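Please look through the structure shown here together with the paragraphs that follow.

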Amino acid sequence: QVQLVESGGGLVQAGGSLRLSCAASGRTLSRDSMGWFRQAPGKEREFVAAISRSGGYTKYADSVKGRFTISRDNAKNTVYLKMNSLKPEDTAAYYCAATTADMEDMRWYDGDAYDDWGQGTQVAVSS
């Protein structure tokens with residue numbers, strides 16, 4: 001089992017940027033496909049972005065495409081989510097998730113396909 005710890009959340013004005021980090025321990029992260037999900041108050045959890053083990057394959061939700069970038073540094077056992085042009089509707093708790101499945105063989109957009117989750121980091125975007 002891998003332990004995941006998110007950081008980098010905070011309060012930002014609309015149009016601003018944040019970079020979230022997800023640091024892993026307990027397992028070499030290069031074996032995992034990784035995803036970022038978010039959950040706003042009163043709403044269901046939704047997919048944000050996913051990245052393959054090598055980092056060469058990424059997918060994004062339509063709502064964040066062109067604004068968010070997922071990346072990873074396997075040497076640091078860390079996955080990132082750079083968020084630009086933030087909007088009030090991006091306000092949510094953001095969670096990273098890991099699975100040893102190959103991203104090309106799984107439902108990367110489905111939270112149930114991931115085995116390990118972090119505790120989340122809160123992002124608030126003011127208008």
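In this predicted model, a search of the whole structure finds 6 aromatic pairs. One of them joins Phe37 and Trp117: the ring centres are 5.1 Å apart and the planes meet at 55 degrees, so the pair is tilted. Planes under 30 degrees apart would count as stacked and those over 60 as edge-to-face. Phe37 belongs to strand E4 (residues 33–39) and Trp117 to strand E10 (residues 116–117), so this contact ties together parts that are 80 residues apart in sequence. The two partners can also be described by their accessibility. Phe37 is buried, at a relative accessible area of 1%, whereas Trp117 is partly exposed, at 25%.

Another pair is made by Trp108 and Tyr109. Their ring centres lie 5.2 Å apart with the planes at 85 degrees, so this pair is edge-to-face. Trp108 counts as buried because its relative accessibility is 19% and the limit for buried is under 20%. Tyr109, at 47%, counts as partly exposed.

Ring pairs link these residues into a cluster, whose members are Phe37, Phe47, Trp108, Tyr109, Tyr114 and Trp117. Phe37 has a further neighbour in Arg45, which lies over the face of the Phe37 ring, 5.8 Å from its centre.

The cysteines come next. The count of disulfides comes to 1, and this bond is formed by Cys22 and Cys96, with their sulfur atoms 2.0 Å apart. It links distant parts of the chain, since Cys22 is in strand E3 (residues 18–25) and Cys96 is in strand E9, 74 residues apart. The torsion about the S-S bond of Cys22 and Cys96 is about 60 degrees, so the disulfide is right-handed. Cys22 is buried, with 0% relative accessibility, and Cys96 is buried as well, with a relative accessible area of 1%.

The backbone is the last topic. Most residues other than glycine have a negative phi. Asn77 is not a glycine, yet its phi is positive, at about 55 degrees. Asn77 sits in the loop between strand E7 (68–73) and strand E8 (78–83), and it is buried, with a relative accessible area of 15%. Ser85 is another residue other than glycine with a positive phi, here near 50 degrees. Ser85 is found in the loop that runs between E8 and strand E9 (92–99). With a relative accessible area of 40%, Ser85 is partly exposed.

How values were computed
Residues numbered from 1 in each chain as written. Predicted model: local features only at pLDDT ≥ 70, side-chain atom pairs only at ≥ 80, totals over all residues. Heavy atoms only, no water. Helix = DSSP H or I, 4+ residues; strand = E, 2+ residues; numbered from the N terminus. Buried < 20%, exposed > 50% of the residue type's maximum accessible area, 1.4 Å probe, protein only. Disulfide = S-S within 2.5 Å. Phe/Tyr/Trp six-rings, centres within 6.5 Å; stacked < 30°, edge-to-face > 60°. Lys NZ or Arg CZ within 6 Å of the ring centre and 35° of its normal.
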